Amino acid sequence: MQIGIVGLGRMGTGIARRLMRSGHECVVYDRALNSISELVREGAVAADSIDDLISKLQPPRVVWIMLPAGAVTEGAIAASGAALSPGDTIIDGGNTFYKDDIRRAKVLKERRIDYVDIGTSGGVWGLERGFCMMIGGDKRVVDALDPILKTLAPGIGDIPRTPRAAGADPRPELGYLHAGPVGAGHFVKMVHNGIEYGLMQAYAEGFDILKNKDSNALPEEERFTLNMPDIAEVWRRGSVIASWLLDLGAAALAKDPQLEQFSGYVQDSGEGRWTVEAAIEEAVPADVLTSALYARFRSRLEHTYGEKMLSAMRFGFGGHVETPAE
């Protein structure tokens with residue numbers, strides 16, 4: 001298929017490369033010209049604006065917006081909507097608030113332009129591992145995008161298969177899901193990221209307890225100097241708390257057991273807050289997820305070894321380089 005991609009950050013570039021490696025044609029645009037030139041050398045078609053990108057696509061056109069949530073995404077979707085025609089499709093694959101998807105889809109529907117929201121997980125590893133995708137939109141539109149989605153998804157791989165009901169949708173096993181109508185994809189991804197906060201916080205607190213077992217506040221016979229890299233490594237092997245997050249933490253500890261390269265200042269990118277807000281709207285208790293979000297707020301005031309572990313995991317999956325605010 002042919003697709004236009006607006007936004008060539010870490011994930012946008014990975015999406016373009018994965019698609020091109022499987023024979024899809026990508027027309028690409030980003031304000032950073034070097035990002036465009038790198039992909040052009042690999043076979044992409046360059047565009048110097050959103051309008052130019054759309055002019056180089058054959059109808060029905062598909063434009064994937066891969067930009068940070070907020071004004072920049074709003075502007076790109078508005079510009080794309082103004083230039084597209086009935087029957088064309090806009091995909092927002094960033095970390096957008098799901099209520100914004102619902103609002104945008106209503107506006108675009110008046111011009112008979114389809115809108116799909118895709119919660120995209122995979123970070124800087126998506127190019128090689130594939131992107132896990134949670135998709136919202138009309139079934140007709142999502143089904144038409146399947147060649148692109150199947151290419152981007154990780155596939156079954158070597159993960160043990162779960163016994164599933166006869167006739168179950170095969171796509172979740174491949175790593176992508178049609179979650180429901182517009183907004184459902186980003187809603188599922190939002191909760192996914194809220195859970196991520198909680199898992200990361202549990203690891204961070206556990207490693208902080210381990211690290212401080214040699215504290216002078218303890219009786220001497222109860223002090224242990226524990227090997228953080230080795231503990232992380234052994235937990236990866238057959239433990240019930242093994243996970244990709246632990247893999248990333250173990251890799252960081254192997255390089256830097258004291259995590260000195262990390263400040264302990266930990267950002268939140270929005271989805272954790274939105275997840276807590278959704279829990280409040282639904283009157284659903286979310287003690288762990290809420291506490292994990294608040295821990296990130298507190299990390300900006302004082303920093304612990306556990307918060308350095310959080311920052312290390314964020315760098316591992318997303319390439320996030322965190323420095324304290326001035």
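Reply: Angles under 35 degrees count as roughly parallel, over 145 as roughly antiparallel, 65 to 115 as roughly perpendicular and the rest as oblique. This is a predicted model, where local features need pLDDT of at least 70, side-chain atom pairs count only at pLDDT 80 or more, and totals for chains, interfaces and linings use all residues. Residues are numbered from 1 along each chain as its sequence is written, and side-chain values use heavy atoms, with hydrogens and water left out.

Me: How are helix 12 and helix 15 oriented to each other?
Reply: Helices are DSSP runs (H or I, at least four residues), numbered from the N terminus. Axes are lines fitted to C-alpha atoms over the stretch in contact, with angles from 0 to 180 degrees between N-to-C directions. The axes of helix 12 (residues 244-255) and helix 15 (residues 305-318) come within 8 Å and cross at roughly 110°. Helix 12 and helix 15 are therefore roughly perpendicular.

Me: Which class is the ring pair of F207 and W235?
Reply: Rings of Phe, Tyr and Trp (its six-membered ring) pair if their centres lie within 6.5 Å; planes under 30 degrees apart count as stacked, over 60 as edge-to-face and the rest as tilted. The centres of F207 and W235 are 5.4 Å apart and their planes lie at 65°, so the pair is edge-to-face.

Me: Is W235 buried, partly exposed or exposed?
Reply: Buried means under 20% relative accessible area, exposed over 50%, partly exposed in between (1.4 Å probe, protein chains only). F207 has 0% and is buried. W235 has 28% relative accessibility, so W235 counts as partly exposed.

How values were computed
Helix = DSSP H or I, 4+ residues; strand = E, 2+ residues; numbered from the N terminus.
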